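Please go through the briefing below with the sequence and the 3D structure at hand. Points are grouped by topic.

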Amino acid sequence: MEEIQAWFTGRLPDEWFTGPVEVTGDRDEVFVIGELADVELEEDVSDEARSAARSARVDRFRGETRRARMKIAQEAQRKFGRKVSWGVTIAGEKYLFTHLAIPVMTRLRLKERQVLDTLIDAGVARSRSEALAWCVALVAKNESEWIDKLRDALVAVEEARATGPTAA
């Protein structure tokens, strides 16, 4: 991801964001998220008005940069073989423009399907797919420290592979 981060840092116009972009992703998709400058309003403006101004700034950025973002995404997709999705943050709030919903095939036994069906029956999810996504999000939230340790371990494995012997 370091190479992709560096590529976007060099490729994106400097005036788009207030600092370096956040680039994350997986095997299928790269997320590029930049920080927009906050709106300047009088201090006594209501929270609703401030929120409306920020939302309008996001909409303006999205509309004005659409063609250029699409061109950059196409270049990145050719170079890295992954779809590119865009988003921004403003005053700590994240707005995602487009992103993929990748189907994942899984085989579940009766007990696991019953858990998903219970979530549907309770109104937590509308489908097994949505229920499974909810479960994954819950694990990510509640076990984030453990998942981070796994990711760090995988990075170490990749580094060891990269420095190991090569087959002739």
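What follows covers the overall fold, the strands, the helices and loops, the surface patch and the salt bridges.

This is a predicted model, in which local features need pLDDT of at least 70, side-chain atom pairs count only at pLDDT 80 or more, and totals for chains, interfaces and linings use all residues. Residues are numbered from 1 along each chain as its sequence is written, and side-chain values use heavy atoms, with hydrogens and water left out.

**Overall fold**

- The chain contains 5 helices and 4 strands; helices (H or I, at least four residues) and strands (E, at least two) are DSSP runs numbered from the N terminus.
- Along the sequence their order is α-β-β-α-β-β-α-α-α.
- The radius of gyration of the chain is 20 Å, whereas a compact globule of 168 residues would have one near 15 Å. The radius is taken over C-alpha atoms, and the globule rule is 2.2 Å times the number of residues to the power 0.38.
- Along the principal axes, the C-alpha atoms fill a box of roughly 55 × 55 × 30 Å.
- Of the 168 residues, 24% count as buried. Buried means under 20% relative accessible area, exposed over 50%, and partly exposed in between (1.4 Å probe, protein chains only).

**Strands**

- Strand 1 (residues 22-25) and strand 2 (residues 29-35) are antiparallel partners over 4 bridges; two strands pair if DSSP finds at least two bridges between them.
- These two strands form a hairpin, with 3 residues between them.
- V30 in strand 2 is the bridge partner of G25, and V30 also has a bridge partner in strand 3, V84.
- Strand 2 pairs with strand 3 in the parallel sense over 7 bridges.
- Strand 3 is largely enclosed by the rest of the structure, because 7 of its 8 residues are buried.

**Helices and loops**

- The end C-alpha atoms of helix 3 are 16 Å apart, which agrees with the 16 Å that its 12 residues should span at 1.5 Å a residue. The expected span is 1.5 Å times one less than the number of residues.
- G123, which follows helix 3, has a positive phi near 85°.
- A91 is not a glycine, yet its phi is positive, about 55°. Most residues other than glycine have a negative phi.
- A91 sits in the loop between strand 3 (83-90) and strand 4 (93-96) and is partly exposed, with a relative accessible area of 41%.

**Surface patch**

- V124, W134 and L138 make up a nonpolar surface patch with about 240 Å² of accessible area together.
- Patches are made of residues with over 30% relative accessible area and no salt bridge; like charges are joined within 9 Å, and nonpolar side chains (Val, Leu, Ile, Met, Phe, Trp, Tyr) within 5 Å. Accessible areas come from the Shrake-Rupley method with a 1.4 Å probe, and for residues only the protein chains shown count as cover.
- V124 lies in the loop between helix 3 (110-121) and helix 4 (128-142).

**Salt bridges**

- The structure holds 6 salt bridges, each a side-chain nitrogen of Lys or Arg within 4 Å of a carboxyl oxygen of Asp or Glu.
- One of them joins D38 and R54, with the closest N and O atoms 2.8 Å apart. D38 is in the loop between strand 2 and helix 2 (47-80), while R54 is in helix 2, 16 residues apart.
- Another joins D117 and R128 (2.9 Å, N to O). D117 lies in helix 3 and R128 in helix 4, so the pair ties together parts 11 residues apart in sequence.
- D148 and R151 also form a salt bridge (3.6 Å, N to O). R151 is exposed at 53% relative accessible area, whereas D148 is partly exposed at 39%.
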